[in-house]
Amino acid sequence: MGNMNLTEIKKKYKTEAEELVILRNINLNIDPKTITVITGESGCGKSTLLNIIGGLDRPDGGSISVNGRDLSRMTEAQLSEYRSKTVGFIFQFHYLLKDFTCLENVMMPFYMAGSSRKSAVSKAEKLLERVNLAGRINHYPTQMSGGERQRAALARALMNDPDYLLADEPTGNLDEENSRVVETLLFDMVRDYGKTLLLVTHDTELAGRGDSEYFLHKGELTLK
Ligand SMILES: Nc1ncnc2c1ncn2[C@@H]1O[C@H](COP(=O)(O)OP(=O)(O)OP(=O)(O)O)[C@@H](O)[C@H]1O
Ligand SMILES: [Mg+2]
């Protein structure tokens, strides 16, 4: 596993009335197996930045190198592989598919990537056990609590064994108690599995538990 390096990343949005510069000049280096936390007020561009890093959106300038590969030089096919295998996403909203069981939702990324159903099931079951959902594998998302759904989303994000986990306010929709459960699992699993975590959060207690903490303000990052 290499590192992730962002150099002079810029992003602006054009609307009819104006041009909004959201990311002005983002420079960030993330070492393997570390936890980096980004905080910042609503609308400052945290999700925009995470989406760019995850290959869901493209910057207007600058470059991103991940494990020695330049994201801007990837073809659509390479980017799609990057999104499915190099990074795993956890969002504020779980995005579990409502017509599939917990187990099916978790195994889907692995199965889609071409593995056999049998190995996908066994891997998903192990991860679900790790997030304490062994007793809920046949439940549909509507039959799960908010905390359970986020734990399933965490298992799903780890299914393809990505080097990087990108978490955008993963506890934002949970109450205090469930937030603590999910964040403890997230941090423990990132450490146990040797993952690199980039976490966006409003939760100041959570923010303080990373290896490095940045504040995003007026399009630039500063180390806290
Ligand atoms: N497609 C778009 N077109 C125009 N402006 C946009 C677009 N997407 C986002 N923005 C603007 O970019 C800014 C950054 O949005 P972003 O979602 O990254 O903020 P955020 O820091 O994640 O906020 P929050 O903490 O509320 O989730 C916002 O002011 C938003 O209105
Ligand atoms: Mg956001």
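I began with helix α6, whose buried residues pack against β3 (35–39), α5 (146–158), β7 (164–168), β8 (196–200) and α7 (204–207). The model is predicted: local features need pLDDT of at least 70, side-chain atom pairs count only at pLDDT 80 or more, and totals for chains, interfaces and linings use all residues. Residues are numbered from 1 along each chain as its sequence is written, while chains are lettered from A and ligands numbered from 1 in the order in which they are written.

**Terms.** I took helices (H or I, at least four residues) and strands (E, at least two) as DSSP runs, numbered from the N terminus. I called a residue buried if 20 or more other C-beta atoms lie within 10 Å of its own, exposed if 12 or fewer, and partly exposed in between, with C-beta atoms placed from the backbone. Contact means that two C-beta atoms, placed from the backbone, lie within 7 Å.

**Helix α6.** I looked up its extent: α6 covers residues 176–192, 17 residues in total. From first C-alpha to last it reaches 24 Å, close to the 24 Å expected at 1.5 Å a residue (the expected span is 1.5 Å times one less than the number of residues). Which residues of α6 are buried? I found Ser179, Val182, Glu183, Leu186 and Val190. Seen down the axis of α6, these fall within an arc of 95°, so they line one face of the helix; the arc is that of the directions from the helix axis to the C-beta atoms. An α-helix has 3.6 residues a turn, so residues three or four places apart point the same way. On the other side of α6, I noted Glu177, Thr184, Asp188, Arg191 and Asp192 as exposed. Gly194 follows the helix and has a positive phi, near 65°.

**Arg156.** I then checked Arg156, which is found in helix α5. Arg156 is buried, with 26 other C-beta atoms within 10 Å. Leaving aside neighbours within four places in sequence, Arg156 is in contact with Asn105, Val106 and Pro109. Arg156 and Met108 are 48 residues apart in sequence, yet 7.9 Å apart in space, C-alpha to C-alpha.

**The sheet.** I traced an open sheet of four strands in the order β2-β1-β4-β5, with antiparallel pairing. β2 and β5 (69–70) stand at the edges, each with a single partner strand, so one side of each is left without a neighbour in the sheet. Strands pair if DSSP finds at least two bridges between them. β1 (residues 4–14) is joined to β2 (residues 19–30) by eight bridges, and the two form a hairpin with four residues between them. In this pair I found Asn5 opposite Asn29. β1 also pairs with β4 (residues 61–66) over five bridges. There, Lys10 stands opposite Gly61, and Met4 has Val66 as its bridge partner.

**Positive phi.** Glu8, found in strand β1, has phi near 50°, a positive value in a residue other than glycine. Lys33 lies in the loop between β2 and β3 and has a positive phi of about 60°, although it is not a glycine.

**Ligand 1.** What lies around ligand 1? I listed the residues near it (C-beta atom, placed from the backbone, within 6 Å), including Tyr13, Gly40, Lys46, Ser47 and Thr48. The largest share of the shell, three residues, comes from α1.
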